[in-house]
Amino acid sequence: MNSNLLNTASYINGKWLNGQGPAFQVNNPALGEEICTINGANENDTVSAVDAATAALPAWRAKTAKQRSAILRRWYELIMENEDELARIITAEQGKPLAEAKGEIAYGANYIEWFAEEAKRIYGDTIPGASSSSRIVVIKQGIGVVSAITPWNFPNAMITRKAAPALAAGCTFIVKAACETPLSALALAELGERAGIPAGVFNVVVGQEAEKIGAVLTTDPRIAKFSFTGSTEVGKKLLAQCATTVKKTSMELGGNAPFIVFDDANVDEAVKGAVISKFRNAGQTCVCTNRIFVQQGIYNAFVEKLSNAVSQLKLGNGMDNGVDVGPMINKDAIKSVQSLVDDAISDGAQVNMGGGLSKLGELYFEPTVLVNVTPSMNVATEEIFGPVAPIIKFNTEEEAVALANNTDAGLACYIYTRDIGRVWRVSEALEYGMVGINEGIISNEMAPFGGVKQSGIGREGSKYGLDDYLEIKYLCMGGLDG
Ligand code: SIN
C-alpha cells in the first residue's frame, strides 16, 4: 500500500520506536493479503510510553486552554485534508466500504473539532460559604496521564473520541491500538505531530503482547485514568486490574440492541433504519441492532420489505464502487456468527435471506435475515457482531419493553412509532443509555455516547464527555471578613 501516512512502528515520545516485541502482519481482510509488517512493542516499550506521557504532562497542562485548542483544531484540519487517504487505510486494514470509512474519518475528526472548542469552556463554580467569612470555589483540572485500549471496528474514531477530550483537558495520552488495525492509529500520530502536538503528549503503542501491554496501562500508578472500548468480557478484567491503583475508568462495552417496530410505525422508514443500523460495518459495531421486535399487525409487511431491502445489499471488497457490506474482520468472527445462525436454525428459526458464507471468499458472510426467532435463542441473547438480522414477533407494548430489557446489556436501542405518548413511555422505560426514535444511526460528537448496566461506565462526546478527564477540586476560602 502506498501512502505517506503509512508507518509501521509505535509512536512514543515523538519518535517512531524500534520496538522490542515480536513483529506482526497487518492483513487486508477483503483480499486475504498482507499489507505490511509492524515492528511490535512490548511491555518495556509501554513503560517508556508512560515515562514519556508523565514527563510531558507539566508543560502540556501549563499551556492555556486556547493554545491546546489551536493545536487540536490544526489536527482536525489535517485529518480532514487527508480524509481520502485515511479512509483508504481504514478500508484496507478493516474492510468497511470506502464511503463508510470516509464517514468514520469525518466522525472521528468531529470529536477533535468539538473538544478543541470545549477546551475553552472548562468552567468551575463559586458557592456561598458555610460562614460569612468564607466562600467555596470549585475548579476543574485535567486528571493527568490517561491510557486507553481501542478496538479494530472503528480504528480512527474510537481513538479520537478518547484522545481529544483528554488532550483538551490538559492530560497526556497513551493508546494501545488494535493489532488488526494499527495503521489508522499510526496515521493519526503522524498528523498529530504535523499539527504540533508536543512529544510525549500523544503516544501510540502497537504490539501483540496484549495482556502484558494492557497490564502496564491498567496498573502503572502514574496513570490516573483508563478508557476502554471493547467487549464486556475483556472490560471486566481490565476494570479489575484498574482497581489495584483505583484509576478512574471509562468503559464502552458490548451491546444487545433491540429494534422495536410498533404497528403504527412508518414501515418504509423502519426498514431503512433497520438496514443501516444492522448492516453498518457488516454488523460489527456495539450499537448495531441485535434483535428486531416487530408487532404482529405490521409483522408480515416489515419482514417482506426488510428481506427485499437486504437482498439488494451488495457484498464485496470495500474498495469497489457500490459495495454496501464488506468482509468480516477474521475467521474467528465468521465462526462465531455462523454458529449463532446454525444454533438458531436448529432451534426452529428460518432463513429468509443469506445464512452463511458467500462465494466471494472465507471472510464474506451473506447479509442474513432470520424469522421465527424466539427471545431465548442464542442469536437473541448474545451480541452477534455480524450481518445477521433476527426477527421476533410481539403483541403488546409492555411485552416489547420487557423483552428489550431482559438482558445485562444497556447500550443503544431503537424504537419506531408515530405515537408521541408511546415515544415518551417506551423511551423512559427502556434500560439503555441511548434511544434512537425513528432513527437507525445515532452516533455523533454532539451527543453523549455510552451505556448502562454491563454496557459500560461514562459518556463519550458532547458537553459531558470532558467530565471523565477532569477532577473537581474544592477550594475553601476563609478569612474574608478582613
Ligand atoms: C462501537 O462500536 O464501539 C462504536 C460505534 C459508534 O461509535 O457508533
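Lys-453 is found in the loop between strands β18 (434–437) and β19 (456–457), where helices (H or I, at least four residues) and strands (E, at least two) are DSSP runs numbered from the N terminus. The phi angle of Lys-453 is near 50°, which is a positive value in a residue other than glycine. With a relative accessible area of 36%, Lys-453 is partly exposed, a term for what falls between buried (under 20% relative accessible area) and exposed (over 50%), as found with a 1.4 Å probe and protein chains only. Another residue with a positive phi is Asn-13, whose angle is near 55°, and Asn-13 lies in the loop between β1 (11–12) and β2 (15–16). Asn-13 is partly exposed at a relative accessible area of 35%.

The structure is a predicted model, in which local features need pLDDT of at least 70 and side-chain atom pairs count only at pLDDT 80 or more, while totals for chains, interfaces and linings use all residues. Residues are numbered from 1 along each chain as its sequence is written, and side-chain values use heavy atoms, with hydrogens and water left out.

**Domains**

The domain assignment, which is automatic or taken from a database, gives domain 1 (10–254 + 454–474) and domain 2 (257–406 + 412–445). The centres of domain 1 and domain 2, taken over C-alpha atoms, are separated by 31 Å. Across the boundary, 27 residues of domain 1 are in contact with 24 residues of domain 2, contact meaning heavy atoms within 4.5 Å.

**Helices and what covers them**

Helix α2 (residues 65–81) has 17 residues and reaches 24 Å from its first C-alpha to its last, close to the 24 Å expected at 1.5 Å a residue; the expected span is 1.5 Å times one less than the number of residues. Which residues of α2 are buried? They are Arg-68, Ser-69, Ile-71, Leu-72, Trp-75, Tyr-76, Leu-78 and Ile-79. The cover over the buried residues of α2 includes α1 (43–62), α3, α4 (98–118), α5, α6 and β9 (202–205).

Ala-87 lies in helix α3 (residues 83–94) and is buried, with a relative accessible area of 1%. Leaving aside residues up to four places away in sequence, Ala-87 touches Leu-98, Ala-101, Lys-102 and Ile-105. The C-alpha atoms of Ala-87 and Met-319 are separated by 9.9 Å, although these residues are 232 residues apart along the chain.

In helix α13 (residues 397–405), the buried residues are Glu-397, Ala-400, Val-401, Leu-403, Ala-404 and Asn-405. Their cover includes β12 (257–261), β13 (289–295), β16 (388–394) and α14 (420–429).

**Salt bridges**

A salt bridge is counted when a side-chain nitrogen of Lys or Arg is within 4 Å of a carboxyl oxygen of Asp or Glu, and by this rule the count comes to 20 salt bridges. The table lists examples from among them.

| Residue | Partner | N to O distance |
|---|---|---|
| Glu-81 | Arg-74 | 3.8 Å |
| Arg-161 | Glu-252 | 2.9 Å |
| Glu-190 | Arg-194 | 3.1 Å |

Arg-161 and Glu-252 are both buried.

Glu-190 and Arg-194 both lie in helix α6 (residues 182–195), four residues apart, which is about one turn of the helix. An α-helix has 3.6 residues a turn, so residues three or four places apart point the same way. Glu-190 is buried with a relative accessible area of 15%, whereas Arg-194 is partly exposed at 40% relative accessibility.

**A nonpolar patch**

Leu-475, Met-477 and Leu-480 form a nonpolar patch on the surface, with about 240 Å² of accessible area together. Such patches are made of residues with over 30% relative accessible area and no salt bridge, like charges being joined within 9 Å and nonpolar side chains (Val, Leu, Ile, Met, Phe, Trp, Tyr) within 5 Å. The accessible areas come from the Shrake-Rupley method with a 1.4 Å probe, and for residues only the protein chains shown count as cover. Leu-480 is placed in the segment after β20 (470–477), and at 43% relative accessibility Leu-480 counts as partly exposed.
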